[in-house]
Amino acid sequence: MPDLKELRNKAAKKARKVLHSFDFDDTLFKPISKEWIEETVQEAKESIGDGAVLTVLITGRKDQPAEREELERLLAEKGLEFDEVIMNDSQEKSPAYKARTLEALRERFPALTTTKIWENDADAKKAMTTE
């Protein structure tokens, strides 16, 4: 049975009106050089620290155990604790997958009125902002 704190956190999460969505590769982290993009990391930390914002990571990386483990390790290394980390569990290309995922989040959290997206892929950003 969930405790009272867990229930309150769940209710507070449902009531948030602002969604911030971050991409991982080439938005937060450069996989080729294994370097963090510090400006975006700082923006993610500020977003995560704002209790009024639902902050999620939506990555096109495939949801495979080794990929998830690496991603979780990298995020922990940088102190990034997103409300949700969502990896691609479909065969869809990244833009369509990310747009579908964002729409599903809006359905799950109907109080959302504002969405801000950090995404380096122009096609994915366009798909995510087109409703």
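The tour goes from the whole chain to one helix, then to the cores and the rings.

**Before you start.** This is a predicted model, in which local features need pLDDT of at least 70 and side-chain atom pairs count only at pLDDT 80 or more, while totals for chains, interfaces and linings use all residues. Residues are numbered from 1 along each chain as its sequence is written, and side-chain values use heavy atoms, with hydrogens and water left out.

**Whole chain.** Show the cartoon. The protein chain has 5 helices and 6 strands, in the order α-β-β-β-α-β-α-β-α-β-α along the sequence. These elements are DSSP runs numbered from the N terminus: helices are H or I with at least four residues, strands E with at least two. Of its 131 residues, 36% count as buried; buried means under 20% relative accessible area, exposed over 50%, and partly exposed in between (1.4 Å probe, protein chains only). The chain exposes about 7,900 Å² by the Shrake-Rupley method with a 1.4 Å probe, and carbon and sulfur atoms supply 51% of that area.

**Select α3, residues 65–78.** The 14 residues of α3 should span 20 Å at 1.5 Å a residue, and the end C-alpha atoms are 20 Å apart, which agrees. The expected span is 1.5 Å times one less than the number of residues. Which residues of α3 are buried? They are L71, L74, L75 and K78. The face turned away from the buried side carries the exposed residues P65, A66, E69, A76 and E77. On the buried side, α3 packs against β2 (29–30), β3 (35–36), α2, β4 (53–62) and β5 (84–88). After α3 comes G79, with a positive phi near 75°.

**Select F24, L28, W36, L57 and F82.** Within the largest nonpolar core, of 15 residues, these have the most contacts. A nonpolar core is a set of buried Ala, Val, Leu, Ile, Met, Phe, Trp, Tyr and Cys residues joined through side-chain atoms within 4.5 Å. α2 (38–49) and α3 each supply at least two residues of this core, and the largest share, 3 residues, comes from α3. Now centre on L57: leaving aside neighbours within four places in sequence, its contacts (heavy atoms within 4.5 Å) include F22, L71, L75 and I86. A second, separate core has 12 residues, among them L19, V56, I58 and Y97.

**Select the aromatic rings.** Rings of Phe, Tyr and Trp (its six-membered ring) pair if their centres lie within 6.5 Å; planes under 30 degrees apart count as stacked, over 60 as edge-to-face and the rest as tilted. The count by this rule is 5 aromatic pairs. F22 and W118 form a stacked pair, 4.0 Å centre to centre with 10° between the planes. F22 lies in strand β1 (residues 18–22) and W118 in strand β6 (residues 114–118), so the pair ties together parts that are 96 residues apart in sequence. Ring pairs link F22, F82 and W118 into a cluster. Then select F29 and W36, an edge-to-face pair at 4.9 Å centre to centre and 65° between the planes. F29 is buried at 4% relative accessibility, and W36 is buried at 13%.
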